[in-house]
Amino acid sequence: MSTPPVASPPASPRAVPSEERYRESVRWDRVTWGTHCVDCYPGNCPYRVYVKDGAVVAEEQAGTMPVVEEGVPDMNPLGCQKGAAWSRLLYAPERVLHPLKRAGARGEGKWTQISWDQALTEIADHILDAIEEGGPETIIDEGTPGEGGLMTGLMFSRLVGLLGGVALDTNATINDFSPGIYLTFGKFDPASSIDDIFHAEFIMYTHSNPAYTMIPSHHFTSEARYKGAEIVLVAPDTSPSHTHADYFVPIKPGTDAALALAMAQVIIEEGLFQKEFICEQTDLPLLVRVDNRRFLRQTDLQAGGRDDQFYIWDERSGRVAEAPLETLALGEMRPALTGSRTVQLKDGTMTQVVPVFELMKERLADYTPEQASAMCGVNPELIRTLARKVARKRGSIFCGATSFKYYHSDLMLRSYLLVLALTGNWGRKGTGPVEWSVAGFDGPFLSFAKGKTGRAEARNVLNMRKALLELVKREDPTRTEEMAHIELMHRFSQTQGMIPPAMLWYYHWGYKEHWNNREYNDPTMQRPFDDYITEALDKDWWKSAGRTAPAATPRVYFEVGGNALRRTRGGQNLLLPNLWQQLRCIVSVDWRMTTTGMYSDYVLPVAHHFEKIAFMFPTPHLMNLTFSDKAVDPPDGVMPEVEMAVMLAEKIEGRARARGIGECTDALGTVHQFAGLRQQFTVDGSLDNTEAVAREWVGDAVEAGNLPEGTSLDTLREQGYMRFLNWGIGPMSHSQAADIKTDETHTAFTWHTEKKVPYPTLTRRAQFYIDHEWFLEAGEALPCHKDNPPQGGDYPFVMTSGHNRWSIHSMNITNKLLLQTHRGRPHLVMNDDDAARLDIRDEEEVEVQNDLGAFIVPVKLSATVQPGQVISYNGWEPYMYRTWKGASDLEPGMVKWLHFAGGYGHLRYWPFQWQPVPFDRGVRVNVAKVD
């Protein structure tokens with residue numbers, strides 16, 4: 001354990017006045033800027049870090065954020081209790097201070113302290129062994145956001161990529177992808193700034209407990225409420241957030257689609273919808289053939305027609321008219337929303353067509369408030385009240401992260417978005433859905449693409465990208481800048497960069513048995529799961545995923561700043577008997593001993609926050625690049641990830657030379673040279689340390705226009721953060737579809753609503769009708785409600801989850817100070833009537849069990865939980881449970897077969913976007929008293 005120096009106390013307490021003793025306790029030698037570079041919401045909170053006698057002794061919220069828009073509160077103070085206590089982790093007993101090598105069986109807890117030279121030499125040899133045996137694709141980088149910011153994971157991903165290995169898509173591994181939002185908009189990540197919600201008049205939180213999980217930004221909701229906004233909380237259980245809401249709407253777990261569709265039914269039935277908005281912004285006026293339920297396409301009407309040219313019925317001219325491809329503006333056309341018409345096809349036959357809106361009305365006939373109430377448990381009159389309020393107000397439906405972790409999460413989100421569409425509630429201040437996104441800092445992307453350092457080279461890369469975009473747009477002049485960007489990202493992903501890990505999960509992680517279990521899937525799945533996988537691969541829908549599966553058996557696995565055995569659905573019960581048995585070398589790169597570390601072969605200790613330079617990934621939520629400086633030196637034997645990755649590159653190159661291995665060839669035929677690997681990785685040696693990389697990134701970001709001219713690492717050291725000026729060129733850079741204004745809150749999608757720029761969907765509109773053959777087969781061309789299938793087996797309780805209040809994931813869960821603010825150990829929240837029936841008392845241990853296994857945990861009884869529901873908050877380390885197993889070990893990690901669909905407009909992979917991700921909410925379990 002690393003212990004901070006402690007000043008010697010005065011000889012006698014009476015010798016120094018109490019005020020002076022207090023002042024001495026809070027004095028510091030110097031202060032630096034810092035932030036906590038972790039995957040939290042909203043993240044990027046600026047802190048001041050205080051150093052005394054070479055140790056961090058305190059940190060506090062900076063509270064220096066300016067007012068952005070007149071009349072809107074500033075973002076101060078930004079921060080939470082985890083941030084205020086974070087520096088305790090620098091000197092925590094779980095800190096790893098030297099490279100460790102496993103000395104016994106994996107998980108046995110026996111380690112040998114070794115030198116850096118030995119650790120990196122052996123890991124390099126494992127990498128070369130794996131490449132010689134099965135090719136570079138056997139090297140896996142588990143792609144997580146990492147504890148330490150952009151430099152944590154990106155450097156190892158770059159090294160693995162240079163070897164021809166694969167990095168898994170971050171958004172898949174952490175399960176933070178929303179398929180419902182993507183299906184509708186062709187991107188999942190509209191993310192207005194956190195202060196934009198202040199403009200709202202109606203804020204509906206679903207699948208969220210913002211008082212717990214949005215501590216830095218929740219004050220904007222309260223401030224909006226002070227000026228008259230109404231707050232609604234929709235949740236199965238009563239959480240601390242409900243006391244700050246005007247309406248608490250208890251709902252059966254996983255039934256939000258029924259609630260939202262009933263709200264939509266009321267809005268249409270009572271004529272409360274915004275016709276102009278839905279005609280312009282959505283696919284609801286597009287015509288669908290009654291005979292085959294497919295959109296009417298130009299290919300139906302003429303030979304050689306476009307498959308993505310769709311039609312409306314223009315009431316002004318009384319005939320079929322092309323829906324514009326290059327703009328959302330309709331001009332003088334007046335699209336019909338109802339009625340049936342007859343059109344002549346190219347072969348001379350006649351067919352009936354109806355607008356999507358007509359089909360939607362038919363669908364919603366099954367979702368009157370009374371009918372929906374039987375599905376979701378919400379009172380019919382309350383459904384009507386909510387529908388009328390959102391229709392008449394400037395409103396936002398904030399779908400929290402739990403909303404896309406249910407089996408039918410896509411249907412839930414599509415249904416809520418339908419409500420927003422009908423009421424015109426996106427693309428103006430205080431409206432829309434809110435997701436997470438990353439943008440505004442091109443430094444990492446540019447530095448990886450450059451052949452030499454300097455802004456001139458960054459300019460060359462930017463010009464090359466611009467030229468490529470122009471070529472893509474020339475292929476189809478109707479493409480928008482965003483569409484061309486996505487097309488470019490999609491093509492790059494076929495041969496390089498991250499891959500969607502679904503096929504690896506299927507063939508090597510152990511999910512295949514679960515995904516093929518009929519009982520765990522929805523009954524409307526017409527064929528065996530394996531049939532859909534086979535079809536997807538045969539039709540080459542997942543070319544990038546096919547780079548690794550099923551042929552390449554994983555052999556070397558890097559977990560950098562993540563904790564796969566805690567986070568992965570199925571956890572130890574799934575990974576240990578499957579993936580772990582195939583791996584020859586498991587490397588955990590972390591500052592602490594995690595559950596994953598305990599089952600690794602090597603643990604490499606890294607510098608913690610404030611012991612290295614770091615950047616949190618910037619987001620539209622705060623609109624800032626936030627800097628975290630090196631305040632103190634790391635302990636001896638510990639180093640930052642940049643220096644570690646450089647040493648490993650050098651060691652791989654040296655061991656390859658010693659073994660006579662000159663190159664390797666990946667599955668796509670690309671040759672990767674080992675000679676000069678270090679030079680290539682460090683750009684001819686210029687970027688071989690953290691400071692140099694940080695300076696290069698900032699300089700490149702200035703060249704890209706992300707940051708103002710004159711910004712440098714030195715100015716960031718003085719200011720701590722900088723508001724970015726543009727979205728950049730990263731994968732998610734165009735998703736906001738909005739201009740950045742220095743004196744206004746950021747509102748997503750204004751390009752669509754104000755400039756009439758089309759959406760990147762098949763129909764180029766917000767799309768509610770998906771006429772892919774699989775969706776038609778499943779009855780999900782339009783959103784509907786379906787019950788959550790019994791994942792995990794036929795058991796009486798539904799287990800839900802969410803982020804706890806005391807930790808960002810598992811990073812702070814063993815912080816001794818924070819442990820004193822709650823029960824200090826894992827617990828299961830259970831309805832008190834259910835417990836009484838089973839003779840279970842508060843604080844007694846219970847066994848939670850299903851088909852996958854069991855874990856033992858103390859129970860916390862509460863009337864705030866619905867009967868039949870139990871809650872196991874995530875974030876607990878499995879080793880904190882008596883049996884070293886937790887809730888994630890009981891999650892089968894199901895994915896929905898429809899999310900393997902491709903070959904259809906926007907249903908294709910590009911980084912962070914369309915791909916299958918496992919679900920973890922609504923798992924079935926049994927709960928029994930432990931004898």
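How many salt bridges does a search of the whole structure find? The search finds 79 salt bridges, a salt bridge being a side-chain nitrogen of Lys or Arg within 4 Å of a carboxyl oxygen of Asp or Glu. This is a predicted model, in which local features need pLDDT of at least 70 and side-chain atom pairs count only at pLDDT 80 or more, while totals for chains, interfaces and linings use all residues. Residues are numbered from 1 along each chain as its sequence is written, and side-chain values use heavy atoms, with hydrogens and water left out.

**Stop 1**

Select residues 287-289, 341-344 and 350-355. Strands and helices here are DSSP runs numbered from the N terminus (strands E, at least two residues; helices H or I, at least four). The strands form an open antiparallel sheet in the order β11-β15-β14. Its edges are β11 (287-289) and β14 (341-344), each of which pairs on one side only. Strands count as paired if DSSP finds at least two bridges between them. Averaged over the sheet and ignoring direction, neighbouring strands are turned by 45 degrees against each other; axes are lines fitted to C-alpha atoms, for helices over the stretch in contact, and angles run from 0 to 180 degrees between N-to-C directions.

Between β14 and β15 (residues 350-355) there are four bridges, in the antiparallel sense. Pick Val-343 and look across to β15: Thr-351 stands opposite.

**Stop 2: the β12-β13 hairpin**

Select residues 311-314 and 319-322. Strands β12 and β13 pair in the antiparallel sense over four bridges, and Asp-314 stands opposite Arg-319 in β13. Four residues separate the strands of this hairpin, and Gly-318 takes a positive phi near 70 degrees.

Show the side chains of β12: are they buried or exposed? Tyr-311 and Trp-313 on one side, and Ile-312 and Asp-314 on the other, are all buried (buried means under 20% relative accessible area, exposed over 50%, partly exposed in between, with a 1.4 Å probe and protein chains only).

**Stop 3: His-408**

Go to the loop between β16 (395-399) and α15 (409-422), where His-408 is found. His-408 counts as buried because its relative accessibility is 2%. Which residues is His-408 in contact with, leaving aside neighbours within four places in sequence? They are Asp-522, Glu-780, Lys-786, Asp-787, Asn-788, Pro-789 and Lys-896, contact meaning heavy atoms within 4.5 Å.

**Stop 4: two cysteines**

With a disulfide taken as a pair of cysteine sulfur atoms within 2.5 Å, the count is zero. Select Cys-399, which is in no disulfide; the nearest cysteine sulfur belongs to Cys-376 and is 15 Å away. Cys-399 is buried, at 4% relative accessibility. Cys-784 is also in no disulfide, and the nearest cysteine sulfur, again that of Cys-376, is 14 Å away. Cys-784 is buried too, with a relative accessible area of 6%.

**Stop 5: Asp-842 and its surroundings**

Select Asp-842, in the loop between α33 (832-837) and β28 (845-850). Asp-842 is partly exposed, at 36% relative accessibility. Beyond neighbours within four places in sequence, Asp-842 is in contact with Arg-823, Val-859, Lys-860 and Leu-861. Its side chain reaches the backbone nitrogen of Leu-861 at 3.0 Å.

Next, pick Arg-823 and Glu-843, which form a salt bridge with the closest N and O atoms 2.5 Å apart. Arg-823 lies in the loop between α32 (816-819) and β27 (828-830) and Glu-843 in the loop between α33 and β28, so the pair ties together parts that are 20 residues apart in sequence. Arg-823 is partly exposed at 37%, and Glu-843 is partly exposed at 31%.

**Stop 6**

Finish at helix α28 (residues 690-703), where Glu-691 and Arg-695 lie four residues apart, about one turn of the helix. Their side chains meet in a salt bridge (3.2 Å, N to O). Then select Asp-125, Asp-129, Glu-132, Arg-655 and Arg-659, which are linked in a network of salt bridges.

Methods
A polar contact is a pair of N or O atoms within 3.5 Å; within protein, one must be able to donate a hydrogen and the other to accept it, and residues adjacent in sequence count only if both atoms are side-chain atoms.
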